[in-house]
Amino acid sequence: MNRRTFLRAANCSLIGTTSIFNTLMNLRLAGVAAAATAPAEDYKALVCLFFHGGNDSFNMLIPSTPGEYSIYQATRSNLALSLSGPGAALPIAPLNTGGRTFALHPSMPNLRSLFNSENAAFVANVGTLVQPTTKAQYVGGSARLPKNLYSHDDQIVQWQTAINQGQTNSSGWGGRMADLMLSGDATGKDFFGINLSGSSIFQVGRSVGSYPIAASGAPVLDNKNNTNPFFVRRNAALKSVMEQNYANLFDRVYARESKRSFDLEAQFNSAFTSATVNTAFPATDIASQLRAVARTIAGRSLLGRNRQTFFVLIGGFDLHAGLNAQHSALLGPVDGAIKAFWDAMVEHSLQDKVTLFTASDFARTLRSNGQGSDHAWGGNHFVIGGGVKGRRIYGNYPTALTLGGALDVGNTGLLLPGTSCDQYFAELALWFGVSPTDLPTVLPNIGNFYSTTSGSAPIGFLL
Amino acid sequence: MRTYIMIAGMLLNQELWANPSDWNGNGMADSWEMLYPGVAASAPTADSDGDGRTNADESKAFTNPFDPAERLELSDMRWTGDRWRLQWKTEAGLNYQVLWSSDLQSWNTVGLPRPGTGGVVIAEIAPAALPVGADSPYWKVAVRLPDTDADGLGDAEEKLIGSDPLSSSSMRAASQGGDGAYWRDVMLGANPLGGAAGTASSGVPSELNASRFLAQASMGPIPEEIAAVRDLGYAGWLNAQFNQPVELLLPYIRFLEGRRASDVPNASQLPYLHGADYVFADNCTTPWMRNALWSPGQLRQRLTWALSQIFVVSTQDGNLFYRGEAVADFYDTLSRGAFGNFKDLLNSVTKHPAMGVYLSSIFNRKPNPEINQYPDENYAREIMQLFSIGLRKLNPDGSPVLDANGEEIPTYTHADIKEMARVFTGFRIQGQPWGILPVTGSGLSSPMASDETQHDTNPKRLPDGTILPAGQGVSKDVDDAVTWLFNHPNTAPFISERLIRFLVTSNPSRAYVKRVSDVFANNGQGIRGDMKAIVSAILLDPEARGLDYITNPNFGRMKEPVIRMTTVARMLKAGKTQSSSTDLSGFQFWWTAYLAGSSNPLHRDMEQHPLASPTVFNFFNARYQLPGEVASAGLYSPEMQMLNPVTATASINRWFSFLPAGYHSNPSQAGQPPRNDWAEMIAMSRAGNDEEFVDKINLLLGNTRVGPSTRNQMKSAIQWASAGSFDQHRAMNGIMIALPAPECVIQK
């Protein structure tokens, strides 16, 4: 039994409910802090890498088996990647596809290395669904469908909330994991969900909020620690203004958010600056976000959380035009950033405790509009981590990307997902430590896709 | 024992106690009227709930005029064997005096006045308290309105108003009449005609109400504009604004294009200003800021700013970033159309090359099935979802239409989008062949031209089955589709509600939305989409002008960071003398500049930046709900999508550096930012009345709504530095506390 399997076993046998789990873990953390020779630390982090705008992921992972490729090429027309010559897609040979071969976007050589070293895997044709749905049901209107498919803001929220029945705002599935795991925690509920992208809802729970930071850490009030009496008084006055109880709702919540900003900054920054990350990160925005994640994880002992979620975001994927050139300009920086992040986790021997997964509004039509592609539905995603059973493609990558084919519900190469977001998220949540019985709290629709008492994995890429 | 109950209302020692304020002169207490909408219009002698107490008397007792169970009365009295025991319900902030009489003619007090608690009080009176022989007294209780701090407002009134009953100057300098004068200013101008709240009369709005109006209708109140509103009245000011000339961005961009390195005061700025043969679009924010701050057409500035957040294009787009002319002219198109007809706005936005580039309708081609190419769906989707009808069918009041199962009804299907996409095919840049997108030139500021050979000429089916016939050219197809969208029943409530949210409040009542939406549908002269009428309806609505902002704790909106910035910059006359419209010697203002050694650029700290939204969904979602108290209440807080622990502190840091140094986009930026002019503030400081100094800041930043606690902090902050030698610091300190305070951040 290797260590990873041991931890998995521990998760299943020791832990009946998450609140007990957390009590145990907090005791354990205290012990870790006190003793130099502590037992193996129980820590896990999930990192969501969000491709904002709808990633054209059927150009991130393409079929290269000759017959499949020629269909792909005909369907995608002027958007198709080539398999040879300059700018050729990068071939990969998955272990579980029965000899079918694939290739990655040419700007992602590092992802290919991680894939080949079995530390990365793909999950194919994932999308928002309410229930298992066939094309006939879609066309006939006999299946419940997510509200406002193909609309950016609705689908962005649904990917983050795993609630797609039309609620305008609720809580994110990462936030509901935090609610569960911190339900018995009296020490405070901060620093569970760290967000590099402002107000995204993924980590906002019913009782636990997310903690947004900048890539450089939490902003510090200028002259916060200046002992000049002017600054001492000014800072006290600002604090007082934010601590009053205001009758107007917006006054009140604004003051509360400001107070929270003041209150949490010092603790966060002490952790953020306490540990060293030597791995060099590229000078891109997405890399600076993932570097901040790495620094936060490295300083985790000062934040008192043994489970954390992170949210990073790269925008610009809504490539109705200029797809071929601009897709490279987005996936290239992603590739550099995930490589550095992986290296940083290896540097800290944390690669088995951290799983990065991708999300996006939706994928894009296979059909070209001449300049790019339009909004679609199911798409391909990757996961990276020492816990991942890598070099595999999970889910069902369609064997023929034919326009009007078996999964195309728009005759535009708009693919009905073969795997639901709930299945994808359930695998991640179970690995993270959510118990099968709590899974429906995190993912309300999971019962439509997966029996939580089955004992088997929802997909199998982590468990 | 004989007993007798008499209503309250008899005031003893009347000269000691304030009468409730009655600025609308209807014989009832103003502050009490706020609690009971509709009562102000009733006669004081009426008894609306039939409980035997006139409305005037209920107003004296601060009881509910519409609930017969609520009235001042002795609810229980008895002889307990050794004393009398009296019981009645009280209101906080009032005093109650027990009186007795043996003949119902002369009344005598017994015991001391009792403060009301909001609950039931019991008085026990021993026989010894009464003269010998008074063994069968009649009892009554009189209610009195104490004014503990002698500011002309009774304690009960101050509790409703939010001022401090123990301080005569908690909202306003004592020398300016203190809290009593504050309340007068709340009342005067709180109806759409400028008259007092609760009346239908016209009048001169107070400075407070004029300032409040300008917080909704301009880029920030200033004394001159407050005077103009008071002079012209609300409607008169709007009409004057409608006639102000349009001020544009494009002339400045064109001016820059004619410059060379030797013309630029600081040559190191040239790489930022210019590419090899074009002007970066971020330069648009210089004329934007010049106009926003000092254009006399303030209403147009505010409305165009709102429209630019509905019809979004962005310099964050790789193509637009290099095309300053296109972005500038797009904004100018909104400015020109702001007081026209919504249909023309939608049409000109649709045909503008900046929009064509941003949402890729330019060079969009008819289907070519042989190579699997079909029209781009981008613009087709967003013109419906964001610019006109929205995703779900709406009633005229903005609420969703529900089907038999209680489900919302989509306005269109994906098949409808595919059809609509075929409308927007065949656009090109005027004066250029198909496929050519220049970086400069008049084609970027002219409506897109058509290439009919690229246009889908087959019939197109609109969502309700309307057919655009075969063979129409680009222009006719687009005009017909825009007209169809404009006339769709959703467009009136959808756009009306969005504009209300930008100008007045995040959670308008359904009735307010309907009133505006009805004007959108018909301006009274049979015209649909009349923007002047729509804007007037929004700003002159009773919900915008009345006391809802006090009585409804959910009223208001978070000022966008950009509005917070223009508000303080206008207060401090920033760049007023450096703002000629087309020269380089005026101030320059960029939001995104990264220069050597820079920290975060401004737009990162603020999450907002004119003409640079991250996506077509604007900086914030119109239906965003801040998690926690706002979301739990089912309310919306769109602008609060920009509020989080990062921006909360980072924006405060920005104010600290803006006040002394001007509105620079980053600390190491060369060039001239708009700088504050402190002369007036220094004069205020030297005038020696710090309370009036606070009032001055409060009027312009907080519309005189800063509460007692923040007001005290501001006053202290001013006094951290000494007058005469550190006057600018005194002003900055007070403003530093006010700017991030909730009363100045939340527009109400």
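A residue is called buried if 20 or more other C-beta atoms lie within 10 Å of its own. With this criterion one can read the structure above, which is a predicted model.

Consider helix 15 of chain B, which spans residues 414-423. Its buried residues are His414(B), Ile417(B), Lys418(B), Glu419(B), Met420(B), Ala421(B), Arg422(B) and Val423(B). Because 8 of the 10 residues of helix 15 are buried, this helix is largely enclosed by the rest of the structure.

Attention may now turn to a sheet in chain B. It is an open sheet of 3 strands, arranged in the order 1-2-6, with antiparallel pairing. Strand 1 (74-79) and strand 6 (120-125) stand at the edges; each has a single partner strand, so one side of each is left without a neighbour in the sheet. On average, neighbouring strands of this sheet are turned by 15 degrees against each other, direction ignored. The pairing of strand 2 (residues 84-89) with strand 6 of chain B can be followed in detail: the two run antiparallel and are joined by 6 bridges. Within strand 6 of chain B, the residue that stands opposite Trp84(B) is Ile125(B).

The next level of organisation is the domain. Chain B is divided into domain 1, residues 14-151, and domain 2, which consists of residues 174-189 together with residues 555-747. Between the C-alpha centres of these two domains of chain B lies a distance of 46 Å. To their contact, domain 1 of chain B gives 5 residues and domain 2 of chain B gives 7 residues. On the side of domain 1 that touches domain 2 in chain B, 1 residue is nonpolar, 2 are polar and 2 are charged.

Finally, chain B also touches chain A. This contact takes 63 residues from chain B and 61 residues from chain A. On the side of chain B, the elements that give two or more residues are helix 14, helix 24 (629-632), helix 25 (645-661), helix 28 (708-718), helix 29 (727-738) and helix 30 (742-745). Helix 25 of chain B gives the most to this side, with 8 residues. By class, the residues of chain B that touch chain A comprise 29 nonpolar, 24 polar and 10 charged.

Notes:
Residues numbered from 1 in each chain as written. Chains lettered and ligands numbered in written order. Predicted model: local features only at pLDDT ≥ 70, side-chain atom pairs only at ≥ 80, totals over all residues. Buried ≥ 20, exposed ≤ 12 C-beta atoms within 10 Å, placed from the backbone. Helix = DSSP H or I, 4+ residues; strand = E, 2+ residues; numbered from the N terminus. Pairing = 2+ DSSP bridges. Axes fitted to C-alpha atoms, helices over the stretch in contact; angles between N-to-C directions. Contact = placed C-beta atoms within 7 Å. Nonpolar A, V, L, I, M, F, W, Y, C, P; charged D, E, K, R; others polar. Domains from an automatic or database assignment.
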